[in-house]
Amino acid sequence: MNPDAATIAAGAPIQVDLTPIAEGQDIKVFWRGKPIYISHRTKKQIQEAQGVALSSLPDPQPDSARVKAGHDQWLVVIGICTHLGCIPIAHEGNYDGFFCPCHGSQYDSSGRIRQGPAPANLAVPPYAFLTDTKIQIG
Ligand code: FES
């Protein structure tokens with residue numbers, strides 16, 4: 001039995017098939033009423049995310065702590081700016097990540113805050129890989 005729409009909205013886990021998401025693309029899904037970005041990162045984005053000196057980050061966190069081991073190409077983050085809660089735009093800004101036009105916060109391809117007033121990185125929701133091409137969020 002699958003949960004009905006009301007149950008899903010209330011917080012049931014959701015499963016997402018990653019197969020249709022091409023490299024370099026992002027999709028947005030909703031979980032518990034929150035926008036979740038799923039990014040299929042390019043090699044360049046992964047290298048950029050891994051190559052940043054942690055000391056230069058306002059909220060230092062290695063890329064490896066924000067993705068699942070063996071699945072570096074997938075970034076899953078809650079698309080709510082940690083400044084005042086706007087929804088950032090994917091693939092915008094100076095860091096090949098996310099840009100929040102409300103007050104100019106810029107996040108990198110790991111969803112880490114790099115510039116602007118937001119105090120923290122985009123949050124990573126609880127999720128797991130069920131297979132190489134399917135995740136469950138929640
Ligand atoms: S809410 Fe994103 S920069 Fe202010």
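This briefing describes the disulfide, the cysteines, the aromatic pairs and a charge-over-ring contact in the structure above. The model is predicted, and the values below are computed from its atoms. The count comes to one disulfide and to two aromatic pairs.

**Disulfide**

- The disulfide joins C86 to C102, with an S to S distance of 2.1 Å, and the link of C86 and C102 is left-handed, with -110° about the S-S bond.
- C86 lies in the loop between β4 (74-78) and β5 (89-92), whereas C102 lies in the loop between β6 (97-100) and β7 (105-107), so the pair ties together parts that are 16 residues apart in sequence.
- C86 is partly exposed, at a relative accessible area of 24%, and C102 is likewise partly exposed, at 35%.

**Further cysteines**

- C81 is buried, with a relative accessible area of 5%.
- C100 also counts as buried, its relative accessibility being 1%.

**Aromatic rings**

- One of the two aromatic pairs is formed by Y37 and F98, whose arrangement is tilted, with 5.2 Å from centre to centre and 40° between the planes.
- This pair links distant parts of the chain, since Y37 belongs to strand β3 (residues 34-40) and F98 to strand β6, 61 residues apart.
- Y37 is buried, with a relative accessible area of 7%, and F98 is buried as well, with a relative accessible area of 2%.

**Charge over a ring**

- The charged end of K68 sits over the ring of Y127, at 4.5 Å from the centre of that ring.

Note on methods
Residues are numbered from 1 along each chain as its sequence is written. This is a predicted model: local features need pLDDT of at least 70, side-chain atom pairs count only at pLDDT 80 or more; totals for chains, interfaces and linings use all residues. Side-chain values use heavy atoms; hydrogens and water are left out. A disulfide is a pair of cysteine sulfur atoms within 2.5 Å. Helices (H or I, at least four residues) and strands (E, at least two) are DSSP runs, numbered from the N terminus. Buried means under 20% relative accessible area, exposed over 50%, partly exposed in between (1.4 Å probe, protein chains only). Rings of Phe, Tyr and Trp (its six-membered ring) pair if their centres lie within 6.5 Å; planes under 30 degrees apart count as stacked, over 60 as edge-to-face and the rest as tilted. A charge sits over a ring if NZ of Lys or CZ of Arg is within 6 Å of the ring centre and within 35 degrees of the ring normal.
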